[in-house]
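This briefing goes through one protein chain by topic. Please keep the sequence and the structure in view while reading.

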Amino acid sequence: MSDERGGFGRGRGERGRGRGDRGRGRGRGRGRGRGDRDENVWVPVTKLGRLVKEGKIGSIEEIFLFSIPVKESEIIDYFLKDKLQDEVMKIMPVQKQSSAGQRTRFKAFVAVGDGAGHIGLGVKCSSEVATAIRGAILSAKLNVAPVRRGYWGRKSGLPHTVPTKVTGKCGSVRIRLIPAPRGTGLVSSPAGKRLLSMAGIDDCYTSSRGHTRTMGNFIKALFYALRNTYGYLEPDLWKENALSAAPFQEHTDFLSKKQIK
């Protein structure tokens with residue numbers, strides 16, 4: 001009888017349902033084409049990302065020079081990964097009135113900086129705190145902007161303060177950054193000190209007005225002020241610089257090739 005039924009298990013002769021050595025299909029690495037591919041490998045999806053990964057762009061300053069929008073956070077990681085630090089500035093609950101009651105979500109403000117003239121600020125709202133923080137970090141990396149630093153008085157040593165008086169505004173908050181002598185330190189609120197130090201500024205006076213208790217608008221206004229440091233054409237920037245071809249134009253032949261995924 002056992003010979004007719006095909007032995008043990010559910011099998012019925014040669015038509016047995018046994019899966020043999022094919023596996024279940026959803027196992028670790030088996031099925032669905034996963035193979036041995038590493039999931040952490042960055043596959044760029046933009047032209048800028050392709051140029052960065054192939055080493056065609058030497059520094060992040062080249063991206064800022066030609067005002068190329070950054071759409072992938074991995075580009076910032078490629079240039080500033082070892083130096084970049086992130087800090088959660090504020091987490092606040094926000095509520096929305098719906099027909100079923102109130103829906104509470106969490107809004108996270110995260111700042112990233114390398115302490116050497118690059119600063120970014122990101123905002124993200126999500127139903128979970130961890131998800132909001134992760135999204136805000138990605139948003140902050142995409143918003144990284146260069147910060148110009150200068151001197152107060154004698155131009156000796158490394159730049160230590162803002163080059164000129166700059167202003168930033170968001171909502172009712174107005175913030176003015178004023179150059180300070182070397183050794184003054186950061187004259188600002190605790191949140192302002194953290195943001196200025198992440199931008200690489202050692203000495204600075206600040207003047208603010210409006211409802212500065214609204215932390216979101218306060219740090220946004222400060223970020224806009226730092227971003228405006230490259231908006232002034234000072235006499236030392238008057239000399240003409242011969243611009244080279246834009247990266248997309250220079251590496252047209254490389255970009256025209258089809259990307260192998």
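Ser-73 lies in helix 4, where helices are DSSP runs of H or I with at least four residues, strands are E runs of at least two, and both are numbered from the N terminus. At 11% relative accessibility, Ser-73 counts as buried; buried means under 20% relative accessible area, exposed over 50% and partly exposed in between, with a 1.4 Å probe and protein chains only. The model is predicted, so local features need pLDDT of at least 70 and side-chain atom pairs count only at pLDDT 80 or more, while totals for chains, interfaces and linings use all residues. Residues are numbered from 1 along each chain as its sequence is written, and side-chain values use heavy atoms, with hydrogens and water left out.

**The chain overall**

- The protein chain has nine helices and eight strands.
- Of the 261 residues in the protein chain, 33% are buried.
- Contact means heavy atoms within 4.5 Å. Among contacts between residues at least 6 apart in sequence, 57% join residues at least 24 apart.

- Six of the eight residues of helix 4 (residues 73–80) are buried, which leaves the helix mostly covered.
- The buried residues of helix 4 are Ser-73, Ile-75, Ile-76, Asp-77, Phe-79 and Leu-80.
- These buried residues pack against helix 2 (47–53), helix 3 (60–65), strand 3 and helix 5 (129–142).
- Not counting residues up to four places away in sequence, Ser-73 touches Leu-138, Lys-141 and Leu-142.
- Ser-67 is in the loop between helix 3 and helix 4. Its phi is positive, near 55°, in a residue other than glycine.
- With a relative accessible area of 60%, Ser-67 is exposed.

**Gly-49 in helix 2**

- Gly-49 belongs to helix 2 and is buried, with a relative accessible area of 0%.
- Residues up to four places away in sequence aside, Gly-49 touches Trp-42, Pro-44, Glu-72 and Ile-75.
- Gly-49 and Val-70 are 21 residues apart in sequence, and their C-alpha atoms are 8.5 Å apart.

**Helix 6 against helix 7**

- The axes of helix 6 (residues 190–198) and helix 7 (residues 215–227) come within 10 Å and cross at roughly 35°. Axes are lines fitted to C-alpha atoms, for helices over the stretch in contact, and angles run from 0 to 180 degrees between N-to-C directions.
- The crossing of helix 6 and helix 7 is right-handed, that is, the near helix is turned clockwise from the far one by less than a right angle.
- Helix 6 contributes Ala-191, Gly-192, Leu-195 and Leu-196 to the contact, and helix 7 contributes Met-215, Phe-218, Ile-219, Leu-222, Phe-223 and Leu-226.
- By class, the residues of this contact are nine nonpolar, one polar and no charged. Ala, Val, Leu, Ile, Met, Phe, Trp, Tyr, Cys and Pro count as nonpolar, Asp, Glu, Lys and Arg as charged, and the others, Gly among them, as polar.
- In helix 6, the residues Ala-191, Gly-192, Leu-195, Leu-196 and Met-198 are buried. They lie on the same side of helix 6 because they cover an arc of only 165° around the axis, the arc being that of the directions from the helix axis to the C-beta atoms.
- After helix 6 comes Gly-200, with a positive phi near 90°.

**Asn-217 in helix 7**

- Asn-217 is found in helix 7 and is partly exposed, at a relative accessible area of 23%.
- Its contacts, leaving aside neighbours within four places in sequence, are Cys-170, Gly-171 and Val-173.
- Asn-217 and Cys-170 are 47 residues apart along the chain, with their C-alpha atoms separated by 5.4 Å.

**Nonpolar cores**

- A nonpolar core is a set of buried Ala, Val, Leu, Ile, Met, Phe, Trp, Tyr and Cys residues joined through side-chain atoms within 4.5 Å.
- The largest such core has 27 residues, of which Leu-177, Ile-201 and Ile-219 touch the most other members.
- Two or more residues of this core come from each of strand 2 (101–113), strand 3 (118–126), strand 5 (166–170), strand 6 (173–179), helix 6 and helix 7.
- Helix 7 gives the largest share of this core, seven residues.
- Another core lies apart from it, with 19 residues, among them Ile-63, Val-70, Phe-79 and Leu-80.
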